[in-house]
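Have the viewer ready and follow along.

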Amino acid sequence: MADSFDFDLFVIGGGSGGVRAARVAAGEYGAKVGLAEGDRYGGTCVIRGCVPKKLMVFASEYSSVPEEAAAYGWDDMHAGTFNWHGFRERLNGELDRLEGIYRNLLSGADVATFDQRAKVKDAHTVELADGTTKSAKHILVATGGYPVRPDIPNADLGIVSDDIFQLEKLPKSILIIGGGYIACEFACILNGLGVEVTQYYRGAQILRGFDDEARGLVAESMKESGVDLHVGSDIVEMCLAKDKHDGPQPTASDASMGMSDKEAEAMRTEKDGAVAGQQGPIWVKASTGTEKVFDMVLFATGRMPSTNDMGLEDVGVKLGRKGEIEVDEYSQTGVPSIYAIGDVTDRVNLTPVAIREGMAFVQTVFGSDPTPVDHDLIPSAIFTQPEMGTVGLSEEQAQDQEEIEVYCTSFKPMQTSFAGKSNRVMMKLIVSKESRVVLGCHIVAPNAGELIQMVGIAVKAKLTKEQFDATCAVHPTMSEELVTMRAPLRTA
């Protein structure tokens, strides 16, 4: 099938999307496939994101178990000290196991792998880091994204989300900059692990873009659990506490000009052999004028597509304002032989979406079945404490489109209420007044991620409120409220 090319398909990037596309093209369609990855296989999700983060979420939730257990009669349970070194060792072992699975999947599908960085040389050629070239009928770019620091002096003193999992020890105190889901998740995780957490976000409320009522409850819950959350506040200056009176230092972006994304990040996270954020206490000045010293600063201020030094624009591939690869509904760039999927396209930056984009690409190119990517009604979860699960339109988005009814309830769940805790949960449905279709569902509750996966099926199927109502409740559960809310709380 490869004709005069070395490969039918060459994939740049060994994350979830790239690996799925490579192994399905090879294993199910008999394509000759090559794949290059300059870092660990599994990408952000497996190595630096979803998987290790969720394991940290699990670890952080055990801190409340002894107190709750006592209310249920377990008098001999006592809180212990969190063993970060023991946990990190097990975590790294699990990540090694998962990376091995990814490698075995590729090997089992006869995908040729190259453990080095690659870039595009022309429409049908990729160049590996060692200078060798490989030709391919189709090239798929799946290089993902990377976390960025703000362009302020001494930003290299702070860490980013990639660094969390490799810390030698947990800090006693940390300042988290940002209000997106990564910032909020790590604020809850570290707070649960016993770290004194302060969070600055320059906006009026955290989790911008999500349902206002839901994100308000998450913010309230975070504060009640001990996170010192400050909205309308940002960082304006930082330096080592011992060097507070020294002159300004070069910005992270000044020092990393011309480097690839991963090279720049490596430079930012290394200073005299030390991990970023671990050189000593850091003095910080906020936009509100507040000055404080923290053991560590974490920047969760956004991610950028990994397209630096990829040779893409040189061959005619168009990049957007953030460096994202511009593609059509079939993930095809302006260069017909080059496609891109996942976070590098900055469409919907979620691992399951990248996998679905990879599958649609394979069906289109190798299955002779043009398959556009469906980005509509994608359920997602934010692993704060409590979690937020969401699918479809927020109340604010829906009311801008049509007349709606809002069904919402908030209450203390049985398990924690019995233990004397004030935690509240929320169940919310957004319903079209005309069609009665449920346009959106938002849940703030323990295990909301598990709940929204199932509700997502109903919303994707465009079921009506009356079909929700016709479903018998499972009692006693939190989620039974989703099918027992009879009267709208308000209309808009």
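The questions below set values against definitions.

This is a predicted model, in which local features need pLDDT of at least 70, side-chain atom pairs count only at pLDDT 80 or more, and totals for chains, interfaces and linings use all residues. Residues are numbered from 1 along each chain as its sequence is written, and side-chain values use heavy atoms, with hydrogens and water left out.

Q: Why is Gly 179 called buried?
A: Buried means under 20% relative accessible area, exposed means over 50%, and partly exposed is in between (1.4 Å probe, protein chains only). Gly 179 has 4% relative accessibility, so Gly 179 counts as buried.

Q: Where is Gly 179 found, and which residues does Gly 179 touch, not counting residues up to four places away in sequence?
A: Gly 179 sits in the loop between strand 9 (173-177) and helix 7 (181-192). Helices (H or I, at least four residues) and strands (E, at least two) are DSSP runs, numbered from the N terminus. Leaving out residues up to four places away in sequence, Gly 179 touches Cys 184, Gln 199, Tyr 201, Ile 206 and Leu 207; contact means heavy atoms within 4.5 Å.

Q: How do you know that the reach of helix 7 is close to the one expected?
A: The expected span of a helix is 1.5 Å times one less than its number of residues. Helix 7 has 12 residues and reaches 16 Å from its first C-alpha to its last, close to the expected 16 Å. Gly 194 follows helix 7 and has a positive phi, near 100 degrees.

Q: Why is helix 3 described as oblique to helix 7?
A: Two packed helices are described by the angle between their axes and the distance between the axes. Axes are lines fitted to C-alpha atoms, for helices over the stretch in contact, and angles run from 0 to 180 degrees between N-to-C directions. Angles under 35 degrees count as roughly parallel, over 145 as roughly antiparallel, 65 to 115 as roughly perpendicular and the rest as oblique. Helix 3 (residues 50-61) packs on helix 7 at an angle of about 40 degrees, with the axes 8 Å apart. That makes helix 3 oblique to helix 7.

Q: Which residues of helix 3 and helix 7 meet, and how do they divide by class?
A: Lys 53, Met 56, Val 57 and Ser 60 in helix 3 meet Glu 185, Phe 186, Cys 188, Ile 189 and Gly 192 in helix 7. By class, this contact has five nonpolar, two polar and two charged residues. Ala, Val, Leu, Ile, Met, Phe, Trp, Tyr, Cys and Pro count as nonpolar, Asp, Glu, Lys and Arg as charged, and the others, Gly among them, as polar.

Q: What makes helix 1 roughly parallel or oblique to helix 5?
A: The axes of helix 1 (residues 16-27) and helix 5 (residues 84-108) come within 9 Å and cross at roughly 25 degrees. That makes helix 1 roughly parallel to helix 5. The contact is made by Ser 16, Val 19, Ala 22 and Arg 23 of helix 1 and Tyr 102, Leu 105 and Leu 106 of helix 5. By class, there are five nonpolar, one polar and one charged residues in this contact.

Q: Why is Asp 309 called partly exposed?
A: Asp 309 has a relative accessible area of 43%, so Asp 309 is partly exposed. Asp 309 lies in the loop between strand 18 (303-305) and strand 19 (338-340).

Q: What is the phi of Asp 309, and what is the phi of Asp 346?
A: Most residues other than glycine have a negative phi, and most peptide bonds are trans. Phi of Asp 309 is near 55 degrees, a positive value, and phi of Asp 346 is also positive, near 55 degrees. Asp 346 counts as partly exposed, at 25% relative accessibility.
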